[in-house]
Amino acid sequence: MKHLRTAVLLTTLVASGGAVVHLSQAQDVPTRARDNGAVVAIAPAHPASTRYSFVRLDGPPRTAVLDEHVRLIATFTDGARTAVLSGPSRTFADPRRTSALVTTTNWVRLAPQPWKAGAEQDPWFRPWLDAELGDRSPDVLAVATQYVTFAHYADDSDFNDFLGVAYQGAKPRKDRFGDVDSAGYVRLVYGYRLGYPLGSAGLPRTPQEMPTAHLGAAIADHAVGSLQTRFLAQPGDLLLFSIDGSKAAVDHVGIYLGVDDAGQQRFIAARATPDGPSFGDSSGRSVLDDAGPYASNLWGIRRL
């Protein structure tokens, strides 16, 4: 729709202890970020919106929220809790593994319930949206990038192994402290940190279980070899891969971040090389638009 254009909801960032801003090591922010967290580029403020309009879109079914200036400020997908909101620009870096940067105005938050057509009329919606548009605490993307410097990879290591805490009767293994596998990393970010359900009602333990799990909206399935599938991904989506070459089996999972400074679609995932969560380029580039193993073996997309 020609009237829909990507926009930034520009707000004033209030300095607080929770803000992840490290400028001492990033003198040339946001051109090059040397910090592993979110470097926030503060933009001039626009007045808060007092009137919203709502547009229904297809492929997948979703609702776009526009302010009175016809700027896109939020997108909600039917069946999913993840919402993409517009906010101040941030630059994410993984400096030990790649020179690529992801600079984005997208903030990914979990709504209190899955979206449905007409939910903008529900009592929870307007207070939640107003609060979240002003929230500068770490969102899905910021939380995901917080682990690129000190987490390590080990097969069959869940988030409770990484943290050294018990979970639902499962005791952490002492030899796995600080370790996580690809599914454990997603469970760490979305489950432990952000409160998305785990287990039979949410994120399962392994990538193999994710295609049939109750995970919001299924954006794509059985898509290995389909070059168009990557265009369906939005920030925060789970990307399911079939890296071992079997088009029927999912064996790896990551989180889509967005377009990097070279114009490529980049994701973050925990894997053996380079030993932990990364959006770097060791053992296959972390992008969806080249001829590498990940782009070629994207099996499906889930929007939580």
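Mentor: A charge is said to sit over a ring if NZ of Lys or CZ of Arg is within 6 Å of the ring centre and within 35 degrees of the ring normal. By that rule the charged end of Arg90 sits over the ring of Trp107, 3.7 Å from its centre, and Arg136 likewise lies over the face of Trp107, at 4.8 Å from the ring centre. The model is a predicted one, in which local features need pLDDT of at least 70 and side-chain atom pairs count only at pLDDT 80 or more, while totals for chains, interfaces and linings use all residues. Residues are numbered from 1 along each chain as its sequence is written, and side-chain values use heavy atoms, with hydrogens and water left out.

As for how far to read it, pLDDT is the predictor's confidence in each residue, from 0 to 100; the mean for the protein chain is 84, and 83% of its residues reach 70 or more. Over residues 1–45, however, pLDDT stays under 50, although the model has 83 contacts (heavy atoms within 4.5 Å) beyond four places in sequence for them. Where pLDDT is low, the predicted coordinates should not be read in detail.

Turning to the rings themselves, those of Phe, Tyr and Trp (its six-membered ring) pair if their centres lie within 6.5 Å, with planes under 30 degrees apart counted as stacked, over 60 as edge-to-face and the rest as tilted. The structure holds 17 aromatic pairs. In one of them, Phe159 and Tyr167 have ring centres 5.0 Å apart and planes at 65 degrees, so the pair is edge-to-face.

Helices (H or I, at least four residues) and strands (E, at least two) are DSSP runs, numbered from the N terminus. Phe241 lies in strand 10 and Tyr294 in helix 5 (residues 293–296), so this pair ties together parts that are 53 residues apart in sequence. Phe241 is buried, with a relative accessibility of 0%, and Tyr294 is buried too, at 6%. Both residues are touched by His252, which is found in strand 11 and is itself buried, at 8% relative accessibility. Not counting residues up to four places away in sequence, the contacts of His252 also include Ser182, Pro207, Leu239 and Arg271. Elsewhere, Phe54, Phe76, Trp115, Trp124, Phe125 and Trp128 form one aromatic cluster.

The surrounding interior can be described through nonpolar cores, each a set of buried Ala, Val, Leu, Ile, Met, Phe, Trp, Tyr and Cys residues joined through side-chain atoms within 4.5 Å. The largest such core has 39 residues, of which Tyr185, Tyr190, Leu203, Met210, Leu238, Ile255 and Ile268 touch the most other members. The elements that each supply at least two residues of this core include strand 5, strand 6, strand 10, strand 11 (252–259) and helix 4 (182–193), and its largest share, six residues, comes from helix 4.

Strand 6 (residues 101–110) has eight of its 10 residues buried, so it is largely enclosed by the rest of the structure. Two strands pair if DSSP finds at least two bridges between them, and here nine bridges join strand 5 (residues 82–93) to strand 6, the two running antiparallel; Ala83, for example, stands opposite Arg109 in strand 6.

The peptide bond from Gly59 to Pro60 is cis, with omega near 0 degrees, and Pro60 is found in the loop between strand 2 (53–57) and strand 3 (62–66). Thr273 and Pro274 are also joined by a cis peptide bond, with omega about 20 degrees, in this case with Pro274 in the loop between strand 12 (265–271) and strand 13 (276–278).

Conventions: Buried < 20%, exposed > 50% of the residue type's maximum accessible area, 1.4 Å probe, protein only.
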